[in-house]
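This report covers the salt bridges of one model and the packing of one of its helices. Please look at the sequence and structure before reading on.

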Amino acid sequence: SNLVNFLATFPALLFADKYGRCSLLRWSALGMFIACMTIATVSEKILVVSGGSYTTYASTSTSGSYVIVAMVFLFVMNFAYGWGPIVWVYNSEIFPLQYRSRCIATSTCANWIGNYLIAQCTPILLGKLGFLTFYVFGTFALLALLLAGWLPETKGVSLEQMDRVFDEKLGVVKRKGGSHGTYEEALLANEQIMGA
């Protein structure tokens, strides 16, 4: 698993500037979603609880067990080239220079709190839900896919243009008539008003 994680990080280095950050985030989230849903579904079909003081599982299918192991590796691989490293790249690009250190510190803190909660809640969820826990993780991967689809692409965007990208995405910039337009249309409208 560690080797897969290490090797799968290289596509992020190679393709972040070629295909864009959001593209890698979307493919990563889709792969994690597929892996989680497959793990949950296959586990529900082939795993049976065996006795003992701890909850343990026994497989009724060797091939099903291989599928689960393969999906774990698929999850790790998809996380390693997308949501693992690209989030840090995206965060470092989107904040204005004067607020960047505070914003990155806040996002790093939020990331560590999220990691802590996952580490603490996963054993509890596995104890209560068993491998159906992966449906919960799959739901979060689906939310990550939707978020990646919504985020604006930052590939090739300079720091000075970043405000424009987010203003357009959030609909902050308005046309002269009040309807939303692109940043360039707003600039032209403002120049026409100022020139008149």
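D17, R21 and E93 are linked in a network of salt bridges, a salt bridge being a side-chain nitrogen of Lys or Arg within 4 Å of a carboxyl oxygen of Asp or Glu. The model is predicted: local features need pLDDT of at least 70, side-chain atom pairs count only at pLDDT 80 or more, and totals for chains, interfaces and linings use all residues. Residues are numbered from 1 along each chain as its sequence is written, and side-chain values use heavy atoms, with hydrogens and water left out.

Searching the whole structure gives two salt bridges.

| Salt bridge | Closest N and O atoms |
|---|---|
| R21 with D17 | 2.8 Å |
| E93 with R21 | 2.5 Å |

E93 lies in helix α5 and R21 in helix α3, so this pair ties together parts 72 residues apart in sequence. Helices (H or I, at least four residues) and strands (E, at least two) are DSSP runs, numbered from the N terminus.

Both E93 and R21 are buried, that is, under 20% relative accessible area, where exposed is over 50% and partly exposed in between (1.4 Å probe, protein chains only). The relative accessible area of R21 is 6%, whereas D17 is exposed at 56%.

Helix α4 spans residues 62-81, 20 residues in total. From first to last C-alpha it reaches 29 Å, close to the expected 28 Å, which is 1.5 Å times one less than its number of residues. Its buried residues are G64, I68, M71, V76, N78, A80 and Y81. These pack against α1 (2-8), α2 (10-19), α3 (21-46), β1 (47-50) and α5 (86-94), with contact meaning heavy atoms within 4.5 Å.
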